[in-house]
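Open the model in your viewer and keep the selection tool ready. We will go stop by stop, with something to pick at each one.

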Amino acid sequence: MKAARILPAPPIPTTRSMNIWFKTNLDRITAELALHTPVKRVTFRSKPWWSDLLSQLRRAYNSALHSLKVDRFDAALLASARAARTAYFKAIKKAKRDHWSAFLASATPQTDWTAKKFAVGRPPPRFPELQGATMPLELNSALLDHFFPGKPARHFDSILLPLRDCPALAVDEVGRALARSSPSSAPGPDMTPNSVWKRIHRVAPHLILDLLSPLVAHGFHPPALKMADGIVLDKPGKPSYDSPSSFRVIVLLQTFSKILERIMNSRLSCVARVAGLLEPHQCGSLAGLSASDATTTLTHEVRTLQMAGLKVSTLFLDIKGGFDNVNPSILCGMLKAKAVNPYLVSRTRSFLTGRTCRLRYQGSPKVFAPVAVGTPQGSPVSPLLFVIYVSQLHQEIPEGLTLS
């Protein structure tokens, strides 16, 4: 990977040619990874309690069975096969018991659900059976319309102009974005975990930098990074599963796309604070502020007023389906009104539009379809875009405090 080089970007790029350039280079890198990276084959037969002793006992048992085939009436061979079988299955039972005891002894509150899954077992996946949808494509279309309502806007090929006042992307900036990436995060259609991109950046830091720099300079998010997998899961305890509302979807985004999203999230969050795009008492979705800060502030205010002999009341409001209902045009208009750098506005619009999703469930056709997702769940930049979008909903309360 050290000797790998990124092909030069098109001199007069359009949305189509830039996407082809990006996808060609990304496919070259992933092809090299597939060629030189060993793949661990983990299947449902993988057993964490297996040991070398069990392998030896299994070989002895198979050898005894093979010898018994020569003469089934040999008493010595029959006794040897029975003894080998008894020793093998007793060892398996003991290995399972010891592994379960060790797991329970080291259990934590975070692993309680894992213990329950082992004890109860995993329920079989339910196949969606919707009324009026008999063919696979009809069923897939009905689920897409439910999970991603609204018609996606059509996009045409256009020329990408380099945007002024766009800070150049640096190697350190890419490294910081990768450092915040979880190695255990489930990948999307690219099937490449974050740990692989981290190692590539350590070995050849120029690769990711050269691949992302033209995208940042033109405020462009290529369609090759807008593809996602939607894992359809059934909601437990439903009386019937003949309606899309009995299922939920978990969207898995591409890990390489999240690198660019984290970079733009860092840049936009700095601008949003200065430009007044955020509610002053916003906690969460911002670096250095979390829900714990909101809880601490609320507790302090309540106790302070109660000590003064005043009665205190609290009202909590929640926005249902907030991420799904972010309108890209309105959001970009808010950024423009606050004189946000044009490359951030262009990149935000490009990121939110033209997305595709492939639903994955038992019997799904596994085809990508255009969807209107608002701001995608699971993206590093989505929480920030959402709090900017709803910042104008907050109103100051006389003799009160508003937290977000």
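## The whole chain

Take contacts in the protein chain between residues at least 6 apart in sequence: 73% of them join residues at least 24 apart. Remember as you go that this is a predicted model.

Now show the whole chain as a cartoon. You will find 13 helices and four strands. The radius of gyration is 28 Å, well over the 22 Å that the globule rule gives for 404 residues, so the chain is more spread out than a compact globule. Taken along the principal axes, the C-alpha atoms fill a box of roughly 90 × 70 × 50 Å. How many of the 404 residues count as buried? The share is 36%.

## Stop 1

Two packed helices are described by the angle between their axes and the distance between the axes.

Select residues 15–36, which form helix α1, and residues 205–218, which form helix α8. Their axes come within 10 Å and cross at roughly 160°. Do they run parallel or antiparallel? The cut-off for roughly antiparallel is an angle over 145 degrees. α1 and α8 are therefore roughly antiparallel to each other. The crossing of α1 past α8 is left-handed.

Next, show the side chains where these helices touch. On the α1 side, pick Met18, Trp21, Phe22, Asn25, Leu26 and Ile29. On the α8 side, pick Asp210, Leu211, Pro214, Leu215 and His218. Colour this contact by class, and you get eight nonpolar residues, two polar and one charged.

## Stop 1: α6 against α8

Which residues of the two helices meet? From α6 come Val171, Val174 and Leu178. From α8 come Pro205, Ile208 and Leu209. By class, this contact has six nonpolar residues, no polar and no charged ones.

## Stop 2: α6 against α7

Select residues 194–203 to bring up helix α7. α6 and α7 pack at an angle of about 155°, with their axes 10 Å apart. That makes the pair roughly antiparallel. α6 passes α7 in a left-handed crossing.

Show the side chains again. α6 brings Val171, Val174, Gly175, Leu178 and Ala179 to this contact. α7 brings Trp197, Lys198 and His201. The classes here are five nonpolar, two polar and one charged.

Look back at α6 for a moment. Val171, Val174 and Leu178 meet α8, and these residues are also part of the contact with α7.

## Stop 3: leucine 68

Move to helix α2, residues 52–70, and select leucine 68 there. Is leucine 68 buried or exposed? Leucine 68 is buried, with a relative accessible area of 15%. Leave out residues up to four places away in sequence, and leucine 68 touches Leu77, Leu78 and Ala81.

Now draw a distance line from leucine 68 to alanine 119. These residues are 51 apart in sequence and 38 Å apart in space, C-alpha to C-alpha.

## Stop 5

Most residues other than glycine have a negative phi, and most peptide bonds are trans. The next two picks have a positive one.

Select aspartate 165, in the loop between α5 (136–147) and α6. Aspartate 165 has a positive phi of about 55° although it is not a glycine. This residue is exposed, with a relative accessible area of 65%.

Then select alanine 339. Where does alanine 339 sit? Look in the loop between α11 (328–337) and α12 (342–352). Alanine 339 has a positive phi, near 60°. Alanine 339 is exposed, with a relative accessible area of 69%.

## Stop 4: glycine 276

Glycine 276 is partly exposed, with a relative accessible area of 45%.

Key:
Residues are numbered from 1 along each chain as its sequence is written. This is a predicted model: local features need pLDDT of at least 70, side-chain atom pairs count only at pLDDT 80 or more; totals for chains, interfaces and linings use all residues. Side-chain values use heavy atoms; hydrogens and water are left out. Axes are lines fitted to C-alpha atoms, for helices over the stretch in contact, and angles run from 0 to 180 degrees between N-to-C directions. Angles under 35 degrees count as roughly parallel, over 145 as roughly antiparallel, 65 to 115 as roughly perpendicular and the rest as oblique. A crossing is left-handed if the near helix is turned anticlockwise from the far one by less than a right angle, and right-handed if clockwise. Contact means heavy atoms within 4.5 Å. Ala, Val, Leu, Ile, Met, Phe, Trp, Tyr, Cys and Pro count as nonpolar, Asp, Glu, Lys and Arg as charged, and the others, Gly among them, as polar. The radius of gyration is taken over C-alpha atoms; the globule rule is 2.2 Å times the number of residues to the power 0.38. Buried means under 20% relative accessible area, exposed over 50%, partly exposed in between (1.4 Å probe, protein chains only).
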